[in-house]
Amino acid sequence: MVCEKCKKNPASVHMQQFTNGKKVELHLCQECAFKFDNPEMLVPLENIFKGFLDQINSKYLIPPGTSGKAPVVRPAKPCTRCGMTFNKFKTGGRLGCDVCYTSFAKEVEVLLKNVQGSTRHEGKYPRRMGAGLINKRQITELRASQKRAVEEENYEEAARLRDEIRVLEQAQNEEDNRQ
Amino acid sequence: MSIPWYQESLTDHSEILSSRIRLARNIKKYPFRRKLTGDDASAMVEEATLAVTGASTFFRSLDIQSLAKPEQNVFLEKHIVSPEFLNGNLPKGLLISDDQNVSVMVNEEDHVRIQAIKPGEGLTLAYETAGQIDDLIEERVEFAFHTEYGYLTACPTNTGTGLRASYMIHLPCLSKSDMPNTILPQIAKFGVTMRGIYGEGTAPMGSIYQISNQNTLGKSEEDIILGLQNVTRNVLAKEHMARHKLLVTQKSQIEDTVYRAYGILANSRLISAKEAMDLLSDIRLGYITKILEKPKPTKQIYQIMMEIQPGHLQRSVGEEMTEQERDKIRANYLREIFEN
Ligand SMILES: [Zn+2]
Ligand SMILES: [Zn+2]
């Protein structure tokens with residue numbers, strides 16, 4: 001057996017990795033085995049993406065009502081910035097630029113849900129984006145909570161949230177006027 | 001000046017060998033690596049390099065492409081660079097602190113990959129360091145960022161925080177049992193993955209595992225780190241249980257294993273990396289359980305493990321060696337350490 005990474009040396013190291021509860025086996029030569037570092041690096045991406053790419057196909061590419069046997073495949077438009085096509089991304093596993101994330105918005109959404117289990121960034125924001133952006137997002141979130149509170153007839157909570165939103169909106173207006 | 005993490009006085013008694021943080025970032029102005037060619041690639045590397053060196057005087061630029069292969073491999077074996085980074089002739093940059101504990105790869109899979117390593121348990125500290133470097137670079141370039149998805153990366157497996165947190169851990173007792181196989185699916189449920197290096201389906205090389213977060217989106221950096229710390233604590237508790245059980249039920253066998261390992265390392269004439277790693281792991285278990293207290297080399301066992309890797313050996317000798325020559329040099333090196 002030849003090493004799966006360099007396809008040169010004989011594979012003498014057999015590595016197991018568990019990804020989302022599934023076992024992936026890798027057969028590598030000593031050198032490649034020791035070099036591997038990033039978790040995603042050595043697992044062929046087709047394996048990572050397998051399964052839910054079919055999901056993407058069935059969800060978006062096959063129009064409902066067709067049997068699925070001879071689907072009319074909607075050609076995904078290439079990325080407007082870098083020209084990457086969705087098919088190239090599927091085989092290569094790497095996106096071409098930041099705009100790819102919006103060019104393939106639907107597909108990326110499904111992909112992230114599957115790979116990451118989430119489609120919402122909860123972490124750090126670049127400082128240069130300023131407090132404004134963080135505020136706007138907070139306001140959106142608070143509005144949603146307020147709506148829920150009203151629906152649940154929790155009016156006390158709804159009122160509290162309304163006040164909180166007002167404070168943030170005021171700060172936001174001041175920020176916008178400054179710019 | 002501080003010393004590299006692998007020489008620092010982490011004891012031979014702790015299961016956590018090192019803590020590592022990696023942040024993946026891309027500069028908005030340029031497409032990702034797949035679509036980055038020619039002049040754009042050179043311009044990106046130049047701009048990113050300037051941003052990093054401008055961010056802190058603490059980095060020096062290292063022209064890794066001009067180094068000989070064994071020298072490059074040393075950086076691989078220390079996990080400072082990745083094989084993907086070394087492959088190909090695309091323009092690239094490596095910025096590194098004097099002690100090598102903080103580094104930035106420019107034009108790896110993502111434009112900027114910030115890495116901070118600390119000895120032993122130092123994940124929070126490593127994140128603080130990497131985060132500061134991130135902030136400083138970000139003052140000079142605009143990173144690709146999406147209000148819903150966070151930091152955008154070439155591979156969607158890194159999107160969001162772009163954070164990969166990991167520990168190198170030594171699990172000599174668990175790897176003597178079938179436990180790792182039962183643990184792995186359990187920790188996967190918490191978005192954590194653990195990898196060992198397996199020789200012919202037996203125990204991982206040197207019983208060393210890397211445990212890291214799988215997901216980068218949907219949780220804050222602090223929560224990702226906390227989650228990994230919790231899972232790791234549980235894995236270590238299982239290791240302690242396994243050790244306790246071994247010491248109660250198989251004390252003589254463990255003593256025998258430890259002393260035999262010492263005997264072989266002090267006497268062998270030819271030894272492969274795999275065999276040496278496993279014996280070093282047994283000796284380390286001896287120090288952990290206090291079965292073995294003396295003799296004890298002045299170097300940490302984990303450091304020795306690293307120094308017997310092909311690149312490190314090759315560098316110390318200078319000329320190209322065959323695998324058998326390497327096994328001989330390795331045996332000589334280990335005898336010098338363990339003979340007395
Ligand atoms: Zn190989
Ligand atoms: Zn694109």
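At what angle do helix 10 and helix 11 of chain B pack, and how far apart are their axes? Keep in mind that this is a predicted model. In it, helix 10 (residues 310-317) and helix 11 (residues 323-338) of chain B meet at an angle of about 80 degrees, and their axes are 10 Å apart. Angles of 65 to 115 degrees count as roughly perpendicular, so that is the word for how helix 10 and helix 11 of chain B sit relative to each other. If you want to find the contact on screen, look for B:Pro310, B:Leu313 and B:Val317 on the helix 10 side, and B:Arg326, B:Ile329 and B:Arg330 on the helix 11 side.

Staying in chain B, let's move to some strands. Strand 4 (residues 102-106) of chain B is mostly covered, with 5 of its 5 residues buried.

What does strand 4 of chain B pair with? One partner is strand 3 (residues 93-97) of chain B, which pairs with strand 4 in the antiparallel sense over 4 bridges. Here B:Ile96 stands opposite B:Ser103. Strands 3 and 4 of chain B form a hairpin with 4 residues between them, and in that turn B:Gln100 has a positive phi of about 65 degrees. Another partner is strand 5 (residues 112-119) of chain B, which runs antiparallel to strand 4 and is joined to it by 5 bridges. In this pairing, B:Val106 stands opposite B:Val112. This is a hairpin too, with 5 residues between strands 4 and 5 of chain B and a positive phi of about 70 degrees at B:Asn107 in the turn.

Now over to chain A. It has 8 helices and 2 strands, and along the sequence the pattern reads β-β-α-α-α-α-α-α-α-α. Of the 179 residues in chain A, 26% are buried. Take the contacts in chain A between residues at least 6 apart in sequence: 32% of them join residues at least 24 apart.

At 1.5 Å a residue, its 12 residues should span 16 Å, and the end C-alpha atoms are 15 Å apart, which agrees. Its buried residues are A:Glu107, A:Val108, A:Leu111, A:Leu112, A:Val115 and A:Gln116. Looking down the axis of helix 6 of chain A, these buried residues fall within an arc of 130 degrees, so they line one face of the helix.

Note on methods
Residues numbered from 1 in each chain as written. Chains lettered and ligands numbered in written order. Predicted model: local features only at pLDDT ≥ 70, side-chain atom pairs only at ≥ 80, totals over all residues. Expected span 1.5 Å × (residues − 1). Buried ≥ 20, exposed ≤ 12 C-beta atoms within 10 Å, placed from the backbone. Arc of directions from axis to C-beta. Pairing = 2+ DSSP bridges. Axes fitted to C-alpha atoms, helices over the stretch in contact; angles between N-to-C directions. Parallel < 35°, antiparallel > 145°, perpendicular 65-115°, else oblique. Contact = placed C-beta atoms within 7 Å.
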